[in-house]
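Hi,

Here is the structure I said I would pass on. My notes follow below it.

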Amino acid sequence: MIRRPNQTRTIILLVAPAFVVVLVFFVLPLIFLLSQSVTPKEGGYTLTGYVDFFQSPVSRIVYLRTLKLGLIVTGICVLMSYPAAFVLARMPARRRTFLMSLVILPLMTNAVARTFAWLIILGRRGMVNQTLLSLEVVEEPVRFIFTETAIVLGLTQLFLPLMVLPLVSAMENIPDDVLEAARSLGANRLTTFLRIVVPMSSDGLVLGATLVFTGSVTAFVTPAILGGARLLLMSTLLRQEAVIVFDQHAAAVVAVVMILTTLAVNLLLRLLRVRQV
Amino acid sequence: MPHLEIHNLTVSYEKNQPTLEQFSLDVEQGELLSLLGPSGCGKTTTLRSVAGFIRPDAGQILINDRDYTQLPPNRRDIGLVFQSYALFPHLTVFNNVAFGLRMRRIPKKEIHDRVTNALEMVGLDAFTKRRPAQLSGGQQQRVALARATVIEPQVLLLDEPLSNLDAKLRVDMRQEIRRLQQQLGITTLYVTHDQVEAMSISDRVVVMNQGKIEQIGTPESIFAAPETVFVADFMGFDNHFNAAVVSVQDRKLTVDWGGAPIELRWRSKFGSPQRGARAEIFFRADNASLLAGPEASGLVGQVILHTFHGNELRYLVETEIGEFSIMQDSASERFEPGAAVTVQPQPQKWIAIFEETEPYA
Amino acid sequence: MRSHRFIMLLLAVLLLGAVAPMAVAQDTQTLTVSIWGFNLDVLEENVFAPFEEMHNVDIVLDTGNNSDRLARLLAEGENSTIDVVHFATQFTYLADQEGVLQPYDADKLENLDELYDWAQDPLGNLAGVGYTVNSLSLIYRSDLIEDEVTSWADLLRDDVAGYVCIPEMSTTFGPATLIMIDRALAMQELDEGEELGAINYDADAAWEALPQLADNLVTTYIRSSALTTLVQEEEVRLAPYASFAIGNLMNTGHDLTAVIPDEGAVGQTNMISITAATDKVDLAHAYIDWFISHDIQEAEALDLIDSPVNATVELPEDICALLTCGEMLDTMIVLDQAEVSARLEDWLERWNEVMVR
Amino acid sequence: MVSRWMYISLVILYGFLLGPFVIIFMASFGANATMAFPPQGFTLDWFARVFETSQFVDSFWISLQLALLSTIVSLVMGMPVAYALVRFQFAASGLVETVFSAPILVPGLVIGFAMLNFFVLLGKMPVMTGLFIGHTAILFPYSVRVISASLRNLDPYVEDAAVSLGANRLRGFLLVVLPNMQAGIAAAFVLGFITSFNNVPVSLFLSGPGVTTLPVSMLSYMEYYFDPTIAALSTLLVAFTVVLVQTAERVLGLSQFV
């Protein structure tokens, strides 16, 4: 960064155009959304929308279910990514580059296509059921679609890369020397992993967890396809309020709760990161 | 008439915290002048003000008697060499050097000749088609030099040009820079924090501290006779102690320091010191010798440790007025830790500095 | 380095290719039609293409289910670009209540007189013209369900648990399904020889049974197509279905039996209306008139898409059997939209409370 | 340090990440119209169906136009912002950074919903315009972040060098900074393009009569039909993405920017 006096005008010229666009077409709509959430059809300003949201069994169940599934997905992602990320981080650069590009691939493919695969895998005549039937584990095909299991699986596949990427880049920064030092001081592999690798990569873990959790609790396509009309999450509830029940006030409340949840999680985990440093 | 004049320059990045305050400096035609000081002393700010990247709050910059102060940097005709070299990564060596000439709309043929010539001067005529990333640090430095000088600027500015090179290359390069500068006869402002570099390359050196000039002079005068505590510190006077003035003669004074009284040169910004004043006394490690056992002629002390430096041994000696670092020829008598010794001064090379406002008791 | 330049060039070419078509201005008039995204290829051939040619107009489609499209229409209000809308009666009623429709002018519809009386103005306030009729009854996998399905109450049976799918409350047939289950439960309570009374729009008994029904469900469906898919994928074995989906359901190749339950089928008219926002009133009328003309009604019926409401259309027996026509038109139960709509908001909430668990 | 069971975890991870793609790939060649597993027979009919389905072809072009246009506009407008953030210290830089990263923090569905309501408030706006504005706004975080990263890798003094050699600020930027940001710009472009091209939640609300993006039309197609056409289309899109991402990764090192 070069320090230069008298730069205010230049900065304003550079930033203003895009800033105005974001302000008018992004920030303003959100402010309008916020105002919608406190102005019911009957008029006036009130927070009853929020009170209703947390009192109504429907939205409460949906909200808690969304958080629950978000936690489960995050947990599974952590468990699946941690050892694998370690292997990736210790690999020769060329092989790692190739494997990392495969991790990115799902991120770059549209969610509809990715979720569609789970319908084929989990259907009554899908891969899982065919396998279970032929192994005679079950007699009748099991229903997976429109269950929480299906949503969790779909979301996990969707967001796994967002856990792997930060973990790998955090672990890349752990020097081999440190691990060797731990081993030389008498730690076995597992201890080294748990007491050296995990704490040293906690930044990546926290970042990954933030991304996965917020992604999971706000994803739309997966719950829409794998949850169906009945097994609602926050996002599908928002859509339902907005276009099926056309209650814009209630939909705005759901939307604001979603924003606040995302922000809260971001802040919370950011604090966690700061404290560790 | 000086070639480059800086008058009362004041620059502040933040309000009421000037980095430079009322800074004035003259540089003669063809002179190489170094700005020497620790980081944050304002030397780079001075340089960037001359280059035009910083518009000063007050003051003037004149080159050849022409006022440059309000001129934008691209119209100043000044060659600038950066610490990072700042070569254009996407251009070949040739195109890097040709850049300034192209900006000046020089005919193609002439560009070719001048660039080739400039690259020959720095010994890179065989590398014209390479890109910066394919060159070594020293080679990049030469390209930066060629690029800054090929435009035949009024003034050449170099900002810590050697700090990214290893020690050996640094010595070679500073000779090269000096040779080129003298060959072209170009007025040059050279910024560095390395006193050895500044000493070896400059016609004159300006030691700066906190936006102000501490001392201006030839390398020899600054090396031998620092005028302020800061300069003495910065110029590598390893040892330092306080002593009371016993008597003051015309150019010398006598101090009481624990050994036999010694006669020293002195410097003061506040007129002649009086008897009884406290003097700050500085000397270099090689400006004293060690004698075995206590002797009345010097200061009695005890060896704490010694370290080997090839031709020399460096002793750390504890005395009643502090610890001193003393350099001895390694061929001379060796003292082990714990040995009692006498520090024998070479007072003609020591210096007493008076800086506090009331040293004249 | 060279490859970067190549990519830049490629991007530039792509950009030009993408932007160029946008610059081409469009001269022809457009008519924006809001309709279900179902059977669009057949509609294109039978209805849209000839109409576009006749009137030198481009038909732009806004597709989605009833509630999706209604929501958008309500949100956009006066700014809507939609000229005509196809809705089920219930949604025409809701749209009309919100004032986003304009009454049609009977004088501009030459073919109006050919329609059955009940189709000419189903809501009685010129909010729209009925252009097809359909009905809700039950369909089931006769190869996998042993006991015959004969009643709406069979949706509650234990042997179909985990294989039932019913329409969402927010859809046309959501309330109808519940009302019919209520009717079936009432019938079970009847003494020998007693007659079933008028429709109970409160459907208390059905509401009481809803948690039990919910346990039987795979899921609920919003679109008939979703039901077709679920039947095809063997997720569903028993479901109420809308008559217009029969072709697709039969195409799944499974052993399906359609039954009109003892309590009867529910009839429902789909309507075309003109939006309040449109300024193409004449073109909109022409579109409606075209849709209810003898030829279109017949073509649509023969393709098993829409059951005709034009009385001049005469269909062969086998076609008629697959559609809502002939005798069925006299026996089907038609619900009072005012009664249904009055309860809808409350019902949606109660429905969600049961279904969300 | 790396033990065998860790390799097993790698295999599981990749199985989970890529398995679904294999399934889609297989399904898209299966001869029967249902999605029963394993698929029987072999046919290319479903691929033909993709190109015959006008809803896909039309929405593909719309998605392509939309992605190109909004990516380019967000790049052109985001670049000065990134430049200001990287090259200058200023009091409001925190605020600017927050505002420009906000579209990533706010759930896409909420953005779409809020924009729809807001645009309706503004009056009659063509659907494409609404989509274009929405997509441009959500791409800003990517373009600002990636270009900032690439600017940070460039010695800030090269601009001063150009200026000291006689170029004015703008020329210095065009001749020296821009050429050295090619890789970053291209990476930002690819990332922005893919983000816009795949976006569902914002497009879902902002799509309108006759103007639907490809992912949204896939979603609505799935609500009406359930046949391998979607699998075939997905296979095509995955192939398209693989080519794009692998090229970008090889040439630009995309993963460092994600």
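Let me start with chain A, which splits into domain 1 (9-39) and domain 2 (59-276), with bounds from an automatic or database domain assignment. Taken over C-alpha atoms, the centres of the two domains of chain A are 31 Å apart. Four residues of domain 1 of chain A and six of domain 2 of chain A make the contact (C-beta atoms, placed from the backbone, within 7 Å).

Before the rest, some housekeeping. This is a predicted model, where local features need pLDDT of at least 70 and side-chain atom pairs count only at pLDDT 80 or more, while totals for chains, interfaces and linings use all residues. Residues are numbered from 1 along each chain as its sequence is written, and chains are lettered from A and ligands numbered from 1 in the order in which they are written.

Chain A also touches chain C, through 19 residues of chain A and 23 of chain C. On the chain A side, α3 (57-89) and α12 (234-244) each supply at least two residues (helices are DSSP runs of H or I, at least four residues, numbered from the N terminus). The biggest share comes from α3(A), with four residues.

In chain B, the axes of α2 (93-103) and α3 (108-121) come within 10 Å and cross at roughly 130 degrees (lines fitted to C-alpha atoms over the stretch in contact, angles from 0 to 180 degrees between N-to-C directions). Residues in that contact include B:Phe94 and B:Leu101 of α2(B), and B:Ile111 and B:Leu119 of α3(B).

Cheers

Terms used:
Contact = placed C-beta atoms within 7 Å.
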